[in-house]
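Reader: Could you walk me through this model and tell me what stands behind each label?

Author: Gladly; here it is.

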Amino acid sequence: MVKIVYGTEPYRIDHEVRKLAENTTYYVQVFDAIDGVKEFLQSISFFGIPCAIYKVEDVKKERKELLHLMEECPESSCLIIRTEKLDNSKDWNAWKSKHGICCDKLNGKSYQCWIQKAFQSLDCPIAEPMLRYFIDRSAYAYQERRDGKDETIDLYQIAIFIKQIAFAAMETGISEEIINQVVPAAIGKSWELASKLLLDPMEGMKLAVELFDHGNNSLQLYGMLLRNYRVAKKALLLSDMKENEILKLLGLTEKQMRGIRAYRKLPEERLD
């Protein structure tokens, strides 16, 4: 049996992998490299049915080896491939459609339910206004931080926030002040805001209002947008160059480069 657990939310991926490996008849081993996986799956063990959890950093780099490994996995054994980076080749997509379990980031409603259950599990009730405030402040959907750390926010980090808030609120209950002490201010991606203002002005204005509500003043937003538009303009003027060359020339990070790809598809006059 082969299962491919993949997606953009590592917390959900790991939870699904644990569920698959819970079978008491399995003899589970975790592998960080492909060496030894095939031999383990084809072995006969007195401890139970061989179940290999193979953590793959980047499927694309190991595509041929993985396809071979999956094809040769005995039906009586269990191979669980855990990855966040997939390959879009025809062969790999065929395996994914048959044996894949997608664990992407939660949508708004599911995220809200997950937070409520997390607080309930700690015997820490959270009122609706504080729940909304925490959701806005935590910026789970934005994936970057307004404090400049530019980190990915996943459910592992959100779970840490919730535990810290529950501990701090044991006597007084959850308040905006406690949430502010624990959770850094939500970012609302600067690149996301700039892109939305260009491509979907109404959505852009909603995000701008949200940023104002979370303490950003007009000068901060103006400076942020002006810098982004200038960089995007330069990227348009350098459209004949390769992306990695533009990245190096303009001193951008990979995330920033991904953020301005949308700009490069626009005519120059849209940024004038």
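Author: Let us begin with threonine 83, which, leaving aside its neighbours within four places in sequence, is in contact with Val5, Tyr6, Gly7, Ile13, Val56, Glu57 and Val59. Contact here means heavy atoms within 4.5 Å. The model is a predicted one, where local features need pLDDT of at least 70 and side-chain atom pairs count only at pLDDT 80 or more, while totals for chains, interfaces and linings use all residues. Residues are numbered from 1 along each chain as its sequence is written, and side-chain values use heavy atoms, with hydrogens and water left out.

Reader: Why is threonine 83 called buried?

Author: Its relative accessibility is 0%, and buried means under 20% relative accessible area, with exposed over 50% and partly exposed in between (1.4 Å probe, protein chains only). Threonine 83 therefore counts as buried. This residue sits in strand E4 (residues 78–83), strands being DSSP runs of E with at least two residues, and helices runs of H or I with at least four, numbered from the N terminus.

Reader: What makes tyrosine 27 and phenylalanine 47 an aromatic pair, and why is the pair called tilted?

Author: Rings of Phe, Tyr and Trp (its six-membered ring) pair if their centres lie within 6.5 Å; planes under 30 degrees apart are stacked, over 60 edge-to-face and the rest tilted. These two are 5.2 Å centre to centre with 40° between the planes, so they form a pair, and a tilted one. Tyrosine 27 belongs to strand E2 (residues 26–31) and phenylalanine 47 to the loop between helix H2 (37–41) and strand E3 (49–56), so the pair ties together parts 20 residues apart in sequence. The structure holds six aromatic pairs, and ring pairs link Tyr27, Phe31, Phe40 and Phe47 into a cluster.

Reader: How do you know which of the two, tyrosine 27 or phenylalanine 47, is exposed and which partly exposed?

Author: Tyrosine 27 has a relative accessible area of 26%, so it falls in between and is partly exposed. Phenylalanine 47, with 65%, is exposed.

Reader: How do you know that cysteine 51 is in no disulfide?

Author: A disulfide is a pair of cysteine sulfur atoms within 2.5 Å. For cysteine 51 the nearest cysteine sulfur, that of cysteine 78, is 3.7 Å away, so cysteine 51 is in no disulfide. Cysteine 103 is in none either, as the nearest cysteine sulfur, that of cysteine 102, is 6.6 Å away. The structure holds zero disulfides.
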